[in-house]
Every structure is written in structure tokens, then in C-alpha cells.
Amino acid sequence: MSTVLERGTGVLTDVEIPKNELFMRLGTKEITPETKECVTVLLQETECRYCYVRVPVTFLSSDRCVLGDFTVTSHALGTYLRDCKECFLLAATIGSGADRLIARLGITSPARQFITDAAASALVEGVCDRVCIMLSEQYRCRPRFSPGFGDFLLDYQPELLRLIGATKQIGLALTDALFLTPSKSVTAVIGICE
């Protein structure tokens with residue numbers, strides 16, 4: 001019997017970069033002409049894609065739960081998912097074009113590289129926000145919770161990618177250090193409240 005209750009995938013073509021995220025990453029609340037130009041170029045180089053699965057949540061103890069078919073030991077995640085019988089496992093990316101652009105700018109313009117890197121990080125947050133809003137139209141969802149927060153270790157990334165099908169669906173992979181590639185990508189758990 002499959003542990004996946006629902007699957008979804010898609011491409012978002014009109015994602016806006018959340019200004020609060022961009023300001024936080026740039027360390028300023030000023031949008032300069034150079035920032036606008038960097039954002040314009042970045043948006044031409046990206047493809048915002050996502051995929052998710054909805055799976056049951058089974059608690060083995062307060063800090064051990066089964067998400068679909070794999071067991072996670074994390075007090076922080078257990079607290080986050082308390083009272084949830086299901087959750088979404090989400091993967092999102094803005095694609096490898098952003099990585100290539102940021103690498104090129106590292107050679108030609110470190111200032112533009114910094115701005116573009118900040119904008120790319122903010123953009124993937126915007127993708128996640130949009131998907132969360134879409135899912136919240138049908139389900140009562142909690143804010144997303146990603147590996148690397150608290151004691152929810154990056155060690156769970158391989159199992160998340162496997163169950164979501166993110167490698168096949170949107171081209172995500174992992175480095176030896178368990179970081180996602182393309183680098184401007186996110187995985188997350190989204191608790192579904194009853």
C-alpha cells in the first residue's frame with residue numbers, strides 16, 4: 001500500500017520576490033537601479049518549479065514520527081507536527097540558471113553577484129510561499145518547517161527527495177554534505193491541521 005495520499009507538481013511563471021526577504025538579505029530597504037537590473041536578469045534565468053506529496057504522519061513518541069514511510073527523530077519536528085495526522089513534503093527550486101548566473105557574476109561583478117544571490121534566495125522563498133498559499137486553499141496548513149531547523153537534521157534530505165520524487169520531477173540532487181543542488185532550492189514539511 002502506498003504511503004502517498006496525493007502528489008502535485010508545477011511551474012510558476014509569475015512569482016514575485018518578497019521584498020521583506022530581499023531587504024533582509026541585502027541588509028537595506030533601498031531598491032537601487034542596480035538591484036532592479038539584477039532582479040530583471042535573474043528572473044530571465046530562472047524556472048520556478050515545485051513538487052509535493054501529502055503523506056500520513058504517525059507518532060512513535062513525542063520526538064519520533066513516521067512521515068509516509070520513513071522515520072524522523074526530531075523533538076522540534078515532533079512539536080511542530082503535534083496534532084497533525086497528515087503533512088505535505090515540499091520541494092521547490094528556481095533552477096540551475098540562477099547558479100550559473102551567480103557564478104558568472106562572481107568573476108565579472110562581485111557587487112552584482114551579492115545582489116543577485118540575495119534576490120535568488122528571496123525568490124525561492126517566494127516560490128515556497130506561493131505553493132503554501134495554494135495548498136492552504138484546500139487544507140489548513142501550518143507554516144513550513146525545513147531540514148536544518150532545530151534538531152531536524154539535513155540527514156533526512158535523501159529520504160525527503162526520494163519520497164517527494166524531487167529528482168525526477170524537478171531535478172533536485174544532493175551534494176556530499178547534503179545540501180540541495182541547484183543551490184536555490186528548498187525542501188520542507190508542511191503540517192496539515194485537522
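1. The largest pocket is lined by 18 residues, and those nearest its centre are S146, P147, L180, S185 and V186; a pocket here is an open set of points on a 1 Å grid over the protein atoms alone, where a 1.4 Å probe fits, with protein on both sides within 12 Å along at least five of seven lines, and a lining residue has an atom within 4 Å of a point. Two or more lining residues come from each of α5 and β9 (185-193), where helices (H or I, at least four residues) and strands (E, at least two) are DSSP runs numbered from the N terminus. The space in this largest pocket is about 390 Å³, a volume being the space filled by probe spheres set on the points, with grid points joined across faces, edges and corners. Its lining divides into eight nonpolar, six polar and four charged residues; Ala, Val, Leu, Ile, Met, Phe, Trp, Tyr, Cys and Pro count as nonpolar, Asp, Glu, Lys and Arg as charged, and the others, Gly among them, as polar.

2. The model is a predicted one, in which local features need pLDDT of at least 70 and side-chain atom pairs count only at pLDDT 80 or more, whereas totals for chains, interfaces and linings use all residues. Residues are numbered from 1 along each chain as its sequence is written, and side-chain values use heavy atoms, with hydrogens and water left out.

3. The second largest pocket holds about 190 Å³ of space, and its lining consists of V15, E16, I17, K19, L22, I31, T35, K36, V39 and L43.

4. Turning to helix packing, the axes of helix α2 (residues 33-45) and helix α5 (residues 110-136) come within 9 Å and cross at roughly 60°; axes are lines fitted to C-alpha atoms, for helices over the stretch in contact, and angles run from 0 to 180 degrees between N-to-C directions. The two helices α2 and α5 are therefore oblique to each other, given that angles under 35 degrees count as roughly parallel, over 145 as roughly antiparallel, 65 to 115 as roughly perpendicular and the rest as oblique. The crossing of α2 past α5 is right-handed; a crossing is right-handed if the near helix is turned clockwise from the far one by less than a right angle, and left-handed if anticlockwise. From α2, the residues E34, T35, E37, C38, V39, L42 and L43 meet R112, I115, T116, A119, A120 and L123 of α5, contact meaning heavy atoms within 4.5 Å. This contact of α2 with α5 has eight nonpolar, two polar and three charged residues.

5. Helix α4 (residues 96-108) packs on α5 at an angle of about 160°, with the axes 7 Å apart, and the pair α4 and α5 is therefore roughly antiparallel. The crossing of α4 and α5 is left-handed. On the α4 side the contact is made by A98, L101, I102, L105, G106 and T108, and on the α5 side by P110, R112, Q113, T116, D117 and A120; by class, it has six nonpolar, four polar and two charged residues.

6. The axes of α2 and α4 come within 8 Å and cross at roughly 140°, and α2 and α4 are therefore oblique to each other, in a crossing that is right-handed. Here V41, L42 and E45 in α2 meet G97, A98, L101 and R104 in α4, and the residues of this contact divide into four nonpolar, one polar and two charged.

7. Two points of backbone geometry deserve a look. Most residues other than glycine have a negative phi, and most peptide bonds are trans. T181 and P182, however, are joined by a cis peptide bond, with omega about 0°, and P182 is placed in the loop between β8 and β9. D83, a residue other than glycine, has a positive phi near 75°, and its place is in the loop between α3 (75-81) and β5 (84-93).

8. F179 is found in the loop between β7 (173-174) and β8 (180-181). Not counting residues up to four places away in sequence, F179 touches L154, A173 and L174.
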